[in-house]
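I opened a notebook for this protein and wrote down each thing as I looked it up. The entries follow the order of my reading.

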Amino acid sequence: IWTAGQLDQLLPKEFGQGSRIIITSRQQSFTDSSWWSEMEPELFPYLVPGLPDATALHLFRWKAGLDPSVNLPSKDLCDVERKIIRYCKGLPLALRLAGGLLRKKPLSEREWHGVEEALRRGWCFNDSEGSLQGILSLSFDALHHVQQSMFLDVATVLRGEPKQLALAVWGKQHEPCVQGWYEDLEQRNLVDPEATLVQMHDVLAALGQNMVLDSEKG
């Protein structure tokens, strides 16, 4: 949910004995308001923690295509890697995006520092979505213009549609062989590679929609 009004509409007037209702939101401000403490029955907030450092490192390296037995980063890059992990703050989506962005890049300080800088800019504002905006902007800029259009289409109109329908639409708009472009978006974790329909994370969809709105305003 996004607003207190939505919660009023969703909660039933009476609860059956033993009922458990789980409410999810990215708006932590709900828990800081007097409105929250006055709710009956009492609501107990639970802030989902980020991934532990070891798990975050494993996820990042997996998505970056790093094999511990073959191509681990150098000592200098390990220092950059630690900063990337810290700036991602245990957020799986940020870790997947950062790793996906580096998946086809050389193990060079220039490439890795670029990802670190994108994350740092958002982290300085102590805003998890700011970190995501920074890394998404870098990921988006690295895409071919056809892929950029495909990403924004998914964020705005094609989310939830069959993949073959989306590929047919893109084939008419751009070029017949767009399957490879879409598979690359999956490898970069910008769209869901496991879904049967065209899907992406809610946060990515919101950020993509904001990109479209900003471009229309500009």
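**Entry 1: ground rules.** I am reading a predicted model, in which local features need pLDDT of at least 70, side-chain atom pairs count only at pLDDT 80 or more, and totals for chains, interfaces and linings use all residues. Residues are numbered from 1 along each chain as its sequence is written, and side-chain values use heavy atoms, with hydrogens and water left out.

**Entry 2: confidence.** I looked up pLDDT, the predictor's confidence in each residue on a scale from 0 to 100. The protein has a mean of 80, and 80% of its residues reach 70 or more. Confidence is lowest in helix α2 (residues 34-37), where the mean is 58. The highest value belongs to helix α8 (residues 145-158), at 94.

**Entry 3: elements.** I counted helices and strands as DSSP runs numbered from the N terminus, with helices being H or I of at least four residues and strands being E of at least two. The protein has eleven helices and zero strands. From the N terminus the order is therefore written α-α-α-α-α-α-α-α-α-α-α.

**Entry 4: burial and contacts overall.** I took buried as under 20% relative accessible area, exposed as over 50%, and partly exposed as in between, with a 1.4 Å probe and protein chains only. Of the 218 residues, 36% count as buried. For contacts I used heavy atoms within 4.5 Å. Among contacts with a separation of 6 or more, 67% come from residues 24 or more positions apart.

**Entry 5: α8 and α11.** How do α8 and α11 lie relative to each other? Axes are lines fitted to C-alpha atoms, for helices over the stretch in contact, and angles run from 0 to 180 degrees between N-to-C directions. Helix α11 covers residues 202-217, and its axis is 8 Å from that of α8, at an angle of about 105 degrees. The two helices are therefore roughly perpendicular to each other. The scheme counts angles under 35 degrees as roughly parallel, over 145 as roughly antiparallel, 65 to 115 as roughly perpendicular and the rest as oblique. On the α8 side, I noted Phe-151, Leu-152, Ala-155 and Thr-156 in the contact. On the α11 side, the contact is made by Leu-204, Ala-205, Gly-208, Gln-209, Met-211 and Val-212. By class these residues are seven nonpolar, three polar and no charged. The classes are Ala, Val, Leu, Ile, Met, Phe, Trp, Tyr, Cys and Pro as nonpolar, Asp, Glu, Lys and Arg as charged, and the others, Gly among them, as polar.

**Entry 6: α9 and α10.** I then turned to helix α9 (residues 163-173) and helix α10 (residues 179-187), whose axes come within 10 Å and cross at roughly 125 degrees. That angle makes α9 oblique to α10. Lys-163, Leu-167 and Trp-170 of α9 meet Gln-179, Tyr-182 and Glu-186 of α10. I sorted this contact into three nonpolar, one polar and two charged residues.

Entry 7: Is Gln-147 buried or exposed? Gln-147 sits in α8 and is buried, at a relative accessible area of 2%. Beyond its neighbours within four places in sequence, Gln-147 touches Trp-181, Asp-184 and Leu-185. I followed that to Asp-184, which is in α10 and is also buried, at 9%. Asp-184 and Leu-143 are 41 residues apart along the chain, and their C-alpha atoms are separated by 9.3 Å.

**Entry 8: Gln-187.** Gln-187 is another residue of α10, and it is partly exposed, at 37%. Leaving out neighbours within four places, I found Gln-187 in contact with Gly-100, Arg-103 and Lys-104. Gln-187 and Arg-103 are 84 residues apart in sequence, yet 8.2 Å apart from C-alpha to C-alpha.

**Entry 9: positive phi.** Most residues other than glycine have a negative phi. Lys-89 has a positive phi, near 55 degrees. Lys-89 lies in the loop between α4 (75-88) and α5 (92-102) and is partly exposed, at 30%. Asn-189 also has a positive phi, near 65 degrees. Asn-189 belongs to the loop between α10 and α11 and counts as buried at 7% relative accessibility.
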